[in-house]
Amino acid sequence: MNADQLFSAVNLIAVASWLMLIAAPYWKFTQKIIFNGVVVLLALAYAFLIIIYWGDAPDGGFSSL
């Protein structure tokens, strides 16, 4: 899995989480799933991407991953 695929997968998880918060905000498992699972997963994935690709993008900018 390359960085673009990982970024897309994480983005899909974030969108699904937002939909869950919109559809079932008061369900007892919503906050547990979002705040204990998804937020930690996203933080780890983004940290992984930053650590792995730090300084590797000579043409990098705001328009590219």
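These notebook entries record what I looked up in the structure.

**Entry 1: basis**

I am working with a predicted model, in which local features need pLDDT of at least 70 and side-chain atom pairs count only at pLDDT 80 or more, while totals for chains, interfaces and linings use all residues. Residues are numbered from 1 along each chain as its sequence is written, and side-chain values use heavy atoms, with hydrogens and water left out.

**Entry 2: the chain**

I looked up the secondary structure and found two helices and zero strands. Both are DSSP runs numbered from the N terminus, helices being H or I of at least four residues and strands E of at least two. I then noted that 17% of the 65 residues count as buried. Buried means under 20% relative accessible area, exposed over 50%, and partly exposed in between, with a 1.4 Å probe and protein chains only. The accessible surface of the chain is about 5,400 Å², and 69% of this belongs to carbon and sulfur atoms. Areas come from the Shrake-Rupley method with a 1.4 Å probe; for residues, only the protein chains shown count as cover.

**Entry 3: the core**

I listed the largest nonpolar core, which has eight residues: L6, V10, A14, I34, V38, L42, A45 and L49. The elements giving two or more residues to this core are α1 (3-23) and α2. Helix α2 supplies the largest share of the core, five residues. Such a core is a set of buried Ala, Val, Leu, Ile, Met, Phe, Trp, Tyr and Cys residues joined through side-chain atoms within 4.5 Å.

L6 is found in helix α1 and counts as buried because its relative accessibility is 19%. Leaving aside neighbours within four places in sequence, L6 is in contact (heavy atoms within 4.5 Å) with M1, F48 and L49. A45 lies in helix α2 and is buried, since its relative accessibility is 13%. From A45 to F7, 38 residues apart along the chain, the C-alpha separation is 8.5 Å. With neighbours within four places in sequence set aside, I34 is in contact with S17, M20, L21 and V39.

I located S17 in helix α1; S17 is buried because its relative accessible area is 8%.

I located T30 in helix α2 (residues 30-53). Is T30 buried or exposed? T30 counts as buried because its relative accessibility is 0%. Not counting residues up to four places away in sequence, T30 touches M20, L21, A24 and P25. I also noted that a polar atom of the T30 side chain lies 2.6 Å from the backbone oxygen of A24. The C-alpha atoms of T30 and S17 are 8.9 Å apart in space, the two residues being 13 apart in sequence.

**Entry 4: the surface patch**

Which residues form a nonpolar patch on the surface? I found F48, I51, I52 and Y53, with about 420 Å² of accessible area together. Patches are made of residues with over 30% relative accessible area and no salt bridge; like charges are joined within 9 Å, and nonpolar side chains (Val, Leu, Ile, Met, Phe, Trp, Tyr) within 5 Å. A salt bridge is a side-chain nitrogen of Lys or Arg within 4 Å of a carboxyl oxygen of Asp or Glu. F48 lies in helix α2 and is partly exposed, because its relative accessible area is 46%.

Terms used. Polar contact = N/O pair within 3.5 Å; in protein donor to acceptor, adjacent residues only side chain to side chain.
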